[in-house]
Amino acid sequence: MTGTGIVSAEGLAPYASNPAFSRGRRYPEPEAPTRTAYQRDRDRVIHCTAFRRLVYKTQVFLNHEGDLFRTRLTHSLEVAQLGRSIARSLRLNEDLVEAIALAHDLGHTPFGHAGQDALNECLRNRGPQDAPDAGDGWGFEHNLQSLRVVDELEERYPAFDGLNLCFETREGVLKHCSRANALRLEQQEPGGVAWRFLHGGSPSLEAQLCNLADEIAYNAHDIDDGVRSGLLSMEQLAEVELFEHYRRLALTHHPSLAGRRLLFEAIRLMLSDQVYDVIDTTRERIAASGVESVDAVRAGPRLVAFSEGMRERTRVLKIFLLRNLYRHPQVMETTQRARRVVSDLFDLYMEKPSEMPEAHGQRQHQARAVADYIAGMTDRFAIREHERLLGAVLFP
Ligand code: MG
């Protein structure tokens, strides 16, 4: 179905995604009288169940460790804010950016990456034997799971499973995909969202933008949360050129600034500069590429990017966060317990599917059904289920 109704293309660049020329929805639906297709997608995401669960899902720190740490929900809102801000100045489609940003983490498991790794391992060990012809492949990939949530797992509408989002929103949600899973997706939807993982090319500029906004958001908020938790110090961060540059800059503007306000100001300056850097660099790359349409964008290399200097400085920050925060002994210790919760639950539901709600227990492919059920859990629900079923208190 090609959209023809509401058009808000005013002021959009020729290479921006235009809802009037959407590649449409999997199940044709009449257009909404007052909203564009992408506004409608954004609204569907906000009203879905998986979106509300994001508030109780971990980003880096477990949800119950403190009220002020980022969760998947606040992270998604920050990505949407950064993305929209950049989109407006590049004359890209803000509504599409917002829809993708708010949906991009819907498939995340409880306990952040620890949960995902554990679930992936469980599925790799059990998946092929249990689901030899499961059409959606083996292993667990959170991007693919986000697509599963919006395509299949949400149960809200009378006529179809999922949220029936537009191609462009789904394309942005599927940020990465393994070749094996791309082949399976391509079979179900020839020429669809998995095509580019098999034949090359890029997603829309709005999707590319969400990808980078995601990275900008988590680098900045992980510094903030890291210092808040006491696992990182500003003294330690002095070795990161990117951060140190803005800390000094903050002090030249406000010599008496210290403590949290100094941290916030340094992060704020860093965020602004990264945003301006992306805008300038992307503008130059778009001009140099000569793209005049979304199709031309899809056929070419990625255009939304940092400058080389900013890319390198960001890389150093990421390595610092990996070594000093994500692999901090205290984080690793929590991670170990989280992995155990997930793998214990997986084994238990495989053995006793009746412990899952009926709808999950009756699905055709048990390993995948168990993975879907666990992936949908919030941190605290997974912890409670683990206590209920295994009697072990891993997170007192
Ligand atoms: Mg994210």
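This is a predicted model: local features need pLDDT of at least 70, side-chain atom pairs count only at pLDDT 80 or more; totals for chains, interfaces and linings use all residues.
Q: How do you know that domain 1 and domain 2 are in contact?
A: Contact calls for heavy atoms within 4.5 Å. By that test, 34 residues of domain 1 are in contact with 34 residues of domain 2.

Q: What area do domain 1 and domain 2 bury between them?
A: The size of an interface is often given as the accessible area lost when the parts come together. For domain 1 and domain 2 that value is about 2,900 Å², with 67% of it on carbon and sulfur atoms.

Q: What share of the 396 residues counts as buried?
A: The share is 56%, with under 20% relative accessible area as the cut-off. The accessible surface of the chain comes to about 17,600 Å², and 51% of it belongs to carbon and sulfur atoms.

Q: What share of the contacts between residues at least 6 apart in sequence joins residues at least 24 apart?
A: Of those contacts in the protein chain, 71% do.

Q: What makes up the largest nonpolar core?
A: Membership asks for buried residues of the nonpolar kinds, joined through side-chain atoms within 4.5 Å. The largest such set has 86 residues, and Leu106, Ile223 and Phe243 have the most contacts inside it. Helix α10 (residues 205-229) gives the largest share of this core, 11 residues. Domain 1 (20-201 + 331-390) and domain 2 (205-330) each supply at least three residues to this core. Another core, of 28 residues, lies apart from it and includes Phe111, Ala118, Leu123 and Ala367.

Q: Which residues is Leu106 in contact with, leaving aside its neighbours within four places in sequence?
A: Leu106 is in contact with Val45, Cys48, Ala50, Phe51, Leu54, Ser146, Val149 and Val150.

Q: Why does Ala207 count as buried?
A: The cut-off is under 20%. Ala207 has 6% relative accessibility, so it counts as buried. This residue lies in helix α10. Leaving aside neighbours within four places in sequence, Ala207 is in contact with Ile100 and Gly172. The C-alpha atoms of Ala207 and Tyr15 are 13 Å apart, although 192 residues separate the two along the chain.

Q: What makes the phi values of Arg91 and Phe111 worth a look?
A: Most residues other than glycine have a negative phi. Arg91 has a positive value, near 60 degrees, and Phe111 has a positive value too, near 65 degrees. Arg91 sits in the loop between α3 (72-90) and α4 (94-103), while Phe111 is in the loop between α4 and α5 (112-130).

Q: How do you know whether Arg91 and Phe111 are buried or exposed?
A: Buried means under 20% and exposed over 50%, with partly exposed in between. Arg91 has a relative accessible area of 41%, so it is partly exposed. Phe111, at 4% relative accessibility, counts as buried.

Key: Residues are numbered from 1 along each chain as its sequence is written. Side-chain values use heavy atoms; hydrogens and water are left out. Buried means under 20% relative accessible area, exposed over 50%, partly exposed in between (1.4 Å probe, protein chains only). Helices (H or I, at least four residues) and strands (E, at least two) are DSSP runs, numbered from the N terminus. Domain bounds come from an automatic or database domain assignment. Accessible areas come from the Shrake-Rupley method with a 1.4 Å probe; for residues, only the protein chains shown count as cover. Buried area is the accessible area (1.4 Å probe) that two parts lose on being put together, summed over both.
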